[in-house]
Amino acid sequence: MPRIAVVGGGIAGVTLAWRLCESIRGTAVHLYTGEPYRRADASAASGGLTRAFEPDPDLCMEAAASLAELQSDPVLQAWASYRETGSVYLMPALGRDTAELVDAVRSRIPGSVELLDAGRLTARGAFRDLPEGSVAVVERRAGYVSPNALRDKLLVELARSGVFVVDGRIETVTREGEVHPVGGPPARFDVVVVAAGAWTRTLLARTGLPDGGLRTKTIQYVLTPSGPGGPGAFVDETTGLYGRPYADGRMLLGLPTDRWDVPPGAAVADPALTTRILDTARARIGHGPPGGKGGGGAEVTAVAAVECYHATGALSLRPLAQGIYTFTGGSGGAGKTVLAASRTAARSLVRTLR
Ligand SMILES: Cc1cc2nc3c(=O)[nH]c(=O)nc-3n(C[C@H](O)[C@H](O)[C@H](O)COP(=O)(O)OP(=O)(O)OC[C@H]3O[C@@H](n4cnc5c(N)ncnc54)[C@H](O)[C@@H]3O)c2cc1C
């Protein structure tokens with residue numbers, strides 16, 4: 001029986017190990033989660049916005065397949081703490097490609113999707129002052145998940161399936177498939193998949209392995225003390241603002257950052273960005289906490305974490321050397337694509353082992 005090591009206890013590594021168990025005996029799989037796996041990783045910080053539509057066709061197909069699986073499986077929904085709030089994806093204009101993607105989503109998730117122009121979206125009350133010509137993909141059957149909760153449930157399932165789950169950090173991975181845990185004996189594997197998110201690059205560099213073009217970037221959002229509840233989960237490409245309802249009536253709101261190549265675990269919230277997020281939310285969805293411009297009230301909490309990016313924007317399996325792969329590069333969106341991406345990756349790995 002070939003032996004596979006998955007390095008990384010975020011949603012990518014854990015879900016991949018879980019998929020592998022569907023095809024091969026659990027005891028052939030070792031999962032090294034890091035030390036401890038609950039550290040400030042992207043899966044713990046994730047906003048979890050989940051929908052089928054994405055403007056990139058490949059990502060859209062993965063997101064739609066992931067959401068379709070989630071919706072067909074009540075157990076998975078419970079594990080992932082899925083909340084169906086609906087989703088709005090607002091764009092400056094409707095391209096022909098976008099219309100085709102919407103049709104593709106319609107066929108995957110029937111009865112969920114409609115296209116609305118700015119006027120009709122504004123009439124529904126959640127958004128204001130939308131640019132002329134803008135258009136929204138509105139999904140009824142979408143919302144948000146907790147990648148952190150799903151990871152925790154899957155770890156329990158993995159232990160039950162006989163997978164060796166090791167709560168320890170890997171110091172190095174060699175070209176020959178040797179994995180060296182910190183303070184433990186090395187182990188040799190037929191396949192090693194490095195799914196260590198933002199830590200992947202540093203880990204590979206220690207043994208001179210290439211990283212295939214991975215970078216890191218900070219993602220930042222704020223949690224406001226109360227929310228209008230109106231838009232459900234949303235992305236507004238015309239401003240960059242995204243958000244969703246959060247627990248206890250609060251709202252999660254964010255804007256993209258341009259803070260690239262940040263060391264993992266070293267993300268710091270930028271107060272100026274917090275102010276911009278609150279100002280943009282006030283202008284676009286009429287929501288902002290009391291306390292004047294910027295709303296710098298004590299109850300606004302800023303969250304920042306480092307994520308691993310790849311030029312394709314996709315979480316996918318990438319070969320680096322004979323038997324050595326990465327499975328990372330979620331680029332701020334793997335919460336919604338991980339179910340399909342992990343299935344594809346596991347199938348492809350199992351094929352190489354036959
Ligand atoms: C703030 C934020 C908000 C986000 N919001 C959304 C969203 O709304 N919707 C969406 O779809 N996506 C979202 N994402 C993206 C999504 O959450 C990530 O793509 C996904 O969680 C990445 O998972 P991962 O397993 O690749 O990485 P991580 O979750 O970072 O996991 C990497 C793991 O590797 C482990 N590790 C590191 N070094 C080692 C080592 N040497 N040995 C062993 N283990 C190691 C770490 O302990 C960690 O557990 C967001 C991301 C962030 C940061």
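User: On a 1 Å grid over the protein atoms alone, a cavity is a set of points where a 1.4 Å probe fits but cannot get out, and a lining residue has an atom within 4 Å of a point. Which residues lie nearest the centre of the largest cavity?

Analyst: This is a predicted model, in which local features need pLDDT of at least 70 and side-chain atom pairs count only at pLDDT 80 or more, while totals for chains, interfaces and linings use all residues. Residues are numbered from 1 along each chain as its sequence is written, and side-chain values use heavy atoms, with hydrogens and water left out. The largest cavity is lined by 14 residues, and those nearest its centre are Leu70, Val145, Leu150, Gly335 and Leu339.

User: What is the volume of the largest cavity?

Analyst: The count comes to 1 cavity of 30 Å³ or more. Grid points are joined across faces, edges and corners, and a volume is the space filled by probe spheres set on the points. For the largest cavity the volume is about 110 Å³.

User: Which helix gives the most to the lining of the largest cavity?

Analyst: Helices (H or I, at least four residues) and strands (E, at least two) are DSSP runs, numbered from the N terminus. Two or more lining residues come from each of H3, H7 and H10. With 4 residues, the most comes from H10.

User: At what angle do H3 and H10 pack?

Analyst: Axes are lines fitted to C-alpha atoms, for helices over the stretch in contact, and angles run from 0 to 180 degrees between N-to-C directions. The axes of H3 (residues 57-72) and H10 (residues 334-353) lie 7 Å apart, and their angle is about 95°. H3 is therefore roughly perpendicular (65 to 115 degrees) to H10. Leu70 of H3 and Leu339 of H10 are among the residues making the contact (heavy atoms within 4.5 Å), and the angle asked for is about 95°.

User: Where H1 meets H7, how many residues are nonpolar?

Analyst: The axes of H1 (residues 11-23) and H7 (residues 147-160) come within 9 Å and cross at roughly 40°. Trp18 of H1 and Leu150 of H7 are among the residues that meet. Ala, Val, Leu, Ile, Met, Phe, Trp, Tyr, Cys and Pro count as nonpolar, Asp, Glu, Lys and Arg as charged, and the others, Gly among them, as polar. The contact has 1 polar residue and 1 charged residue, and the nonpolar residues number 10.

Note on methods. Angles under 35 degrees count as roughly parallel, over 145 as roughly antiparallel, 65 to 115 as roughly perpendicular and the rest as oblique. On a 1 Å grid over the protein atoms alone, a cavity is a set of points where a 1.4 Å probe fits but cannot get out, and a pocket is an open set with protein on both sides within 12 Å along at least five of seven lines; lining residues have an atom within 4 Å of a point.
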